[in-house]
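Here is a friendly look at how the inside of this protein model is put together. Have the structure open beside you as you read.

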Amino acid sequence: MSINLTLAVGAGILVMLMQAGFALAATGLCRAKNAAQVISTNLLIYVFSLLGFWVCGFALLSGGWSGTPGTPARQWSIHLFGRAFGLMGTSGFFLNSPGSEPATYGWFFLLAAMISLAAVIPAGVMAERWKIGSVVLYGLLAAALPLAVFGHWVWGGGWLAQLGQNLGLGHGFVDFAGSSVVHAAGGMIGLMGATAVGPRLGKYTRDGRPRPIAGHNLVYVVAGSLLLAAGWFGFNLGPAFFTDASRAPIIAVNTMLASAAGAAAACALVTLKFRKPDPSMVCNGLLAGLVSISASCAFVNPAGAVLTGAGAGLLVVYAVLFFEGTMKVDDPMGALSVHGVSGVWGVLSLGLVADGSFGAGWNGAPDKAGVAGAFATLFGGAANDWGQLGAQIIGALSCLIFLGLAAWLWFKVSGRIVPLRPRREEELGGLDLPEVGAECYPDFHLTDKGSSRPE
């Protein structure tokens, strides 16, 4: 394996720029009176999650550096039926890894950028009512603990990756660039956080009907989404520079096509339902396509990528309406749908449409050709592998259950240490001055068409 560290670092830089895109989109979809507080929330989670990942997240996820991603230098495992099932890494704390070399730092750099993006997703779900003190505490620990532990199960040679070796389920759970490790995981944390903190003031009427609360700047939303889309090429291409760089062109093409298919499908559906192509929903479709293809970008052909992205674009529209109207979960960005639902669809779609052209021996699976899905032959594959779909289902369920329980416990405990939510009068007047001491728009008179209404 030849590692191109220059390209790997470049990919990591693109992933870091995705933070700017996410912050712009989140801020644009919120009200002007909270703009400085919302964008500060994104900034602080990014900063503190990087430090937490340096302290112990890298160690728990990768177990240090063995010279090959997915093969930890040291790992804590449990033994069942004569087989070892890895749970977490045990070396590399404070980046003090045995055999540290430039490749170690390159792997850390890429992982830190990706996991910090997972950590920031709940900021979109809980926007406009999450207290800064709680945000800092969360940022320091989230990437370091639950995200890193689940990341080890998938990317660090843990028990999900070992499903192929231990139980004969395909190549084990496969997630090339983070549909589950980053997006579904971040979405599940956001769901638990939104449940704990409650909806924004005025979001629901007394009889439970949702009220629209318009964001203040659609230009930020579209520009932020396009910036995310550009950074996504680093996100999906980055792991290839540690595995097989020759796969980079097909990954880039699949990423582009899935994003376009997701946006087009969402645009068509929302126009059919509401007679207008809502730009924010089209952006959600674009991002949903990118989230969904992240798991399978190296393992599908362009037809599979278009199908994956289009499916995500349709799902995201229905998911936004479901969470807001049926579940009564207030999600200003639609991040639960974009990241959580599309992330789950992404790992499941790999188990359906992967064509077997790449991934021989992936995750150490014995006597296996490339990663193939249950319908691989429809996409030019040599044989179907229903075991791979089984591994993907187990992995998706494990992500939702583990991150859901961990996040529920976290918000219960942390809420007793630092309040999760600002005071009511602060929310009504705007969080910028009470929370961060600075206004985003000090020269303008701001109106609030949401929480100023009687509940």
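Trp 153 counts as buried in this predicted model, because its relative accessibility of 10% falls under the 20% limit. The partly exposed label goes to Phe 402, at 24% relative accessibility.

The aromatic pairs come to 21 by count. One of them joins Trp 153 and Phe 402 in a tilted arrangement, with 4.7 Å from centre to centre and 50° between the planes. This pair bridges distant parts of the chain, as its two members are 249 residues apart: Trp 153 belongs to helix H5 (residues 146-155) and Phe 402 to helix H14 (residues 386-417). Ring pairs also bring Phe 150 and Trp 159 into a cluster with Trp 153 and Phe 402.

| Residue | Relative accessible area | Class |
|---|---|---|
| Trp 153 | 10% | buried |
| Phe 402 | 24% | partly exposed |
| Gly 64 | 3% | buried |

Where does Gly 64 lie? Look in the loop between helix H2 (35-62) and strand E1 (75-80). Its C-alpha atom is separated by 9.3 Å from that of Phe 108, and the two residues are 44 apart along the chain.

Now to the largest nonpolar core, which has 125 residues; Trp 130, Phe 176, Phe 235 and Phe 299 touch the most other members. Helix H3 (residues 102-125) gives the most to this core, with 16 residues. Leaving aside neighbours within four places in sequence, Phe 176 is in contact with several residues, among them Trp 155, Pro 239, Ile 251, Cys 297, Phe 299 and Trp 362.

Conventions. Residues numbered from 1 in each chain as written. Predicted model: local features only at pLDDT ≥ 70, side-chain atom pairs only at ≥ 80, totals over all residues. Heavy atoms only, no water. Core = buried A, V, L, I, M, F, W, Y, C linked by side-chain atoms within 4.5 Å. Buried < 20%, exposed > 50% of the residue type's maximum accessible area, 1.4 Å probe, protein only. Helix = DSSP H or I, 4+ residues; strand = E, 2+ residues; numbered from the N terminus. Contact = heavy atoms within 4.5 Å. Phe/Tyr/Trp six-rings, centres within 6.5 Å; stacked < 30°, edge-to-face > 60°.
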